[in-house]
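Subject: Structure handover

Hi,

Here is the structure for your files. My notes follow below it.

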Amino acid sequence: MLSLCLLLFSADLRFSPHLIASDLKGGYQVVAADVNQDGKPDLIALASGMSELVWFQNPGVGIGGWQRHVIVRGMTAMINLAVAGRAIVVADHFANDPSKSEGHVYLLEPGATPDAEWTKREIDRIPSSHRLRTLQLEGQPVVINAPLADPTTRPPDYRGHIPLVFYRPGVWKRELISTAEEGIMHGIYVKKDLLYTASFLGIHTYRFAGGAWLRKEITKGDPAPWPKSGSSDVAVGRRFLAAIEPWHGSQVVVYEGRRRQVIDMSLKEGHTLEVADFDRDGKEEILAGDRGAGGGVFVWRRIAKQWVRQAVDGPGMRANSCVAVDLNADGRVDIACIGGATTNLIWYENQL
């Protein structure tokens, strides 16, 4: 009876899908940002199989569809971007084989109008550049660049140290944070001035204090032997930390302090993770995307001390990346996801 009640309660989350694009070959990352500075969050869609980086203009309420704009052309195997003020930093020339991943890093700056192509300038070349995020450093935004692996390593062990670096806007010179991470560093997460990394060594935090970066272990992640050890993605709530484990793994894991709780083991290839309060009850839920065959988008809610899963979408959205953000200014947190194998971008409108 309890299980039936939990399932009925968990079904209360309601998301209405709105297809924004269906031709994003190798769709890899979606970023919410106010690109045209009109006060509404737009969606930047990065697709590794496309030479164009595009953004979709938020139409607001009752105005029409999401208008597509080209930011820049002539890109090759884009993998991630970060927004820093009016500028965008993009990691390009990525390959799954670290030895062939050139890691070009470009600075993009806007043109005079929303339809004008942005300028592009290479600011760095660091092999295997993979994850880019913006972090607050001493009150100023900086861009973190977290490569996937040491380019000299080989699968399946990937034994080697990974350079974690950052760039200060206006200077755009590489500065080293650490080379302590090893194996594959698949995910990073930023919470204001605190950087979380997810690698074969588990989850660690980095904070800049007293003129130096301080590293702290949060958890070793999956206790299986290397290279099935550690964590793949991390997202941080107010009272817990969520992870996908191990690399591209099947497990959704919750950490409260040092306690490790596996709440799901059914993902085919977990690849994106967020934490947000979708039902506005003051408690956060976990959002994860599965890019594997038969994958989808799922939310876990904690009800009566149990984590209950609900499907937001099925294999029609094999999500590489999702964001949780209020897109229509109704006070509810929505979801936007981009699919690689499914080549689509979908806004899931929260209707709870």
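Helices (H or I, at least four residues) and strands (E, at least two) are DSSP runs, numbered from the N terminus. On that basis the protein has one helix and 28 strands. Its radius of gyration, taken over C-alpha atoms, is 19 Å, close to the 20 Å of the globule rule for 352 residues, so the protein is as compact as a globular protein of that length. The rule is 2.2 Å times the number of residues to the power 0.38.

Two points on provenance. This is a predicted model: local features need pLDDT of at least 70, side-chain atom pairs count only at pLDDT 80 or more, and totals for chains, interfaces and linings use all residues. Residues are numbered from 1 along each chain as its sequence is written, and side-chain values use heavy atoms, with hydrogens and water left out.

Burial: 54% of the 352 residues are buried (under 20% relative accessible area; exposed is over 50%, partly exposed in between; 1.4 Å probe, protein chains only).

Now the backbone. Most residues other than glycine have a negative phi, and most peptide bonds are trans. These places depart from that:

- Proline 155 to proline 156 is a cis bond, omega near 0°. Proline 156 sits in the loop between β11 (140–146) and β12 (164–167).
- Glutamate 245 to proline 246 is also cis, with omega about -20°. The loop between β19 (241–245) and β20 (251–256) holds proline 246.
- Glutamate 138 has a positive phi of about 50°. It is exposed, at 63% relative accessible area.
- Threonine 343 has a positive phi of about 55°. It is partly exposed, at 23%.

Best wishes
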